Amino acid sequence: MTETGEGRILLSMTGMNPRRWFDLLSKHREVVLEPDRADDPTIRYAMVWKHPRGVLARLPNLQAIFSVGAGVDHVFADSRLPDIPIARVVAQNLTQHMVEYVVWRVMDHHRQGAIYRAQQQRRVWHEPAQPVSSDVAVGIMGLGQLGRAAASQLLSIGFKVNGWSRNDRPMEGVATWHGKEGLTPFLNATDILVVLLPLTPATEAIIDLSILKRLRPDGPLGGPVLVNAGRGRLQKESDILAALEDGTLKEASLDVFETEPLPKTSPLWKHPSVFVTPHAAATSDPEHLVPLLLEQIERHERGEPLDNLVDRQSGY
Ligand code: NDP
Ligand code: OXD
């Protein structure tokens, strides 16, 4: 049967190709691809990405649910979840990808990438004013696994770094605020806002015009910048467009969108001040994540608590 145990794994993925996950997992465990045998009593574990709602409730002996990504909003989108532990991915490979994305987008905005690309189109030889990183404050909304790793790299480049979280999360070299009362001072001190929040009932649509209007208007970049690599439903795209239109916001880099894939009709595609990537900041790589997921199962079967458990109450 299997090297590591008897319990079968249900693999249920939408919008992500399960083939490589299936092949790698199958070397160690019996894997059932949803929708095949989705009420199989021998299935003990579910590995999911946007699974069809209700499918997990049909498994009578399911013991744990694993999100194959860092976010778990796609798990909680199912209101009929069984009452069992839910764990998410925390992995060096994924974190490194996110840090690269954040540093890339922050550096591009900081070094005036949009201006140079437009100038090149018109063969313009002009050097815009270039502030140094130590004059620019990057504010990270969501100072968790990914936010803290991004903050460290931005600090090492020389940026001033601010952080905002739900609870008090001090970090050396970073000016931190938390909770509702900390939000305005955090925004007021920020030139480039990097969003790395989870999508929960408390954060849905948080990036609206009122937030963007509180960013530092007169910073050295000539206007505030938004980078969102958290979740699309954290942002109100009509407000981002309005903020770009009236000068509240100078530029934006968006990796995530209210509707994904971003509809072809969205004005964001062609906006000269918006940089679009297709939810690609930190993709889950099965080569790196399957060993970690299998370790989680082994831990569970030894009677030890799972790592990276998610809190149902807070939704992340
Ligand atoms: P963590 O759970 O480690 O960190 C989340 C952070 O957000 C914590 O600092 C938390 O505060 C803060 N937070 C949560 N709710 C609130 C709130 N209501 N008010 C203020 N702060 C809040 O998550 P990760 O860093 O691992 O991942 C963050 C998100 O990044 C994921 O949920 C996912 O949506 C997204 N992601 C996107 C990817 C992409 O490719 N675009 C790839 C991977 C992840 P506290 O510390 O106090 O708990
Ligand atoms: C994740 C993602 O949550 O890729 O890991 O969005």
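Reply: Arg216 and Asp191 meet in a salt bridge, with 2.7 Å between the closest N and O atoms. The model is a predicted one. Arg216 belongs to the loop between α7 (209-213) and β10 (225-228), and Asp191 to the loop between α6 (179-188) and β9 (192-195), so the bridge ties together parts 25 residues apart in sequence.

Another of them joins Arg20 and Glu287, whose closest N and O atoms are 2.5 Å apart. Arg20 sits in helix α1 (residues 19-26) and Glu287 in helix α9, so this pair ties together parts that are 267 residues apart in sequence. Arg20 counts as partly exposed at 37% relative accessibility, and Glu287 is partly exposed too, with a relative accessible area of 40%.

A salt bridge also connects Asp40 with Arg8, at 3.5 Å from N to O. Here the link runs between the loop joining β2 and β3, which holds Asp40, and strand β1, which holds Arg8, 32 residues apart. Asp40 is buried at 8% relative accessible area, and Arg8 is buried at 16%. Salt bridges link Arg8, Glu30 and Asp40 into a network.

Strand β1 leads on to the sheet. Five strands form an open sheet in the order β2-β1-β3-β4-β5, with parallel pairing. β2 (31-33) and β5 (86-87) are the edge strands, each with a single partner, so one side of each has no neighbour in the sheet. Strand β1 (residues 8-13) pairs with β2 in the parallel sense over three bridges, and Val32 in β2 is the bridge partner of Leu10. Helix α9 (residues 286-301) packs on this sheet, touching β1, β3 (43-49), β4 (64-67) and β5, and its direction makes about 150 degrees with that of β3.

The structure holds four aromatic pairs. One of them, Tyr45 with Phe66, is tilted, with 6.4 Å centre to centre and 45 degrees between the planes. Tyr45 is in strand β3 and Phe66 in strand β4, 21 residues apart. Both Tyr45 and Phe66 are buried.

Trp104 and Phe275 form an edge-to-face pair, 5.3 Å centre to centre with 90 degrees between the planes. This pair links helix α3, where Trp104 lies, to strand β12 (residues 274-276), where Phe275 lies, across 171 residues. Trp104 is partly exposed at 42% relative accessibility, and Phe275 is partly exposed at 23%. Ring pairs join Tyr101, Trp104 and Phe275 into a cluster. Arg105 lies over the face of Trp104, at 4.6 Å from the ring centre. The charged end of Arg105 also sits over the ring of Phe275, 3.6 Å from its centre.

Helix α3 (residues 92-110) contains His97 as well. His97 is partly exposed, at 31% relative accessibility. Not counting residues up to four places away in sequence, His97 touches Ala281 and Ala282.

Terms used. Residues are numbered from 1 along each chain as its sequence is written. Chains are lettered from A and ligands numbered from 1 in the order in which they are written. This is a predicted model: local features need pLDDT of at least 70, side-chain atom pairs count only at pLDDT 80 or more; totals for chains, interfaces and linings use all residues. Side-chain values use heavy atoms; hydrogens and water are left out. Two strands pair if DSSP finds at least two bridges between them. Helices (H or I, at least four residues) and strands (E, at least two) are DSSP runs, numbered from the N terminus. Contact means heavy atoms within 4.5 Å. Axes are lines fitted to C-alpha atoms, for helices over the stretch in contact, and angles run from 0 to 180 degrees between N-to-C directions. Buried means under 20% relative accessible area, exposed over 50%, partly exposed in between (1.4 Å probe, protein chains only). Rings of Phe, Tyr and Trp (its six-membered ring) pair if their centres lie within 6.5 Å; planes under 30 degrees apart count as stacked, over 60 as edge-to-face and the rest as tilted. A charge sits over a ring if NZ of Lys or CZ of Arg is within 6 Å of the ring centre and within 35 degrees of the ring normal. A salt bridge is a side-chain nitrogen of Lys or Arg within 4 Å of a carboxyl oxygen of Asp or Glu.
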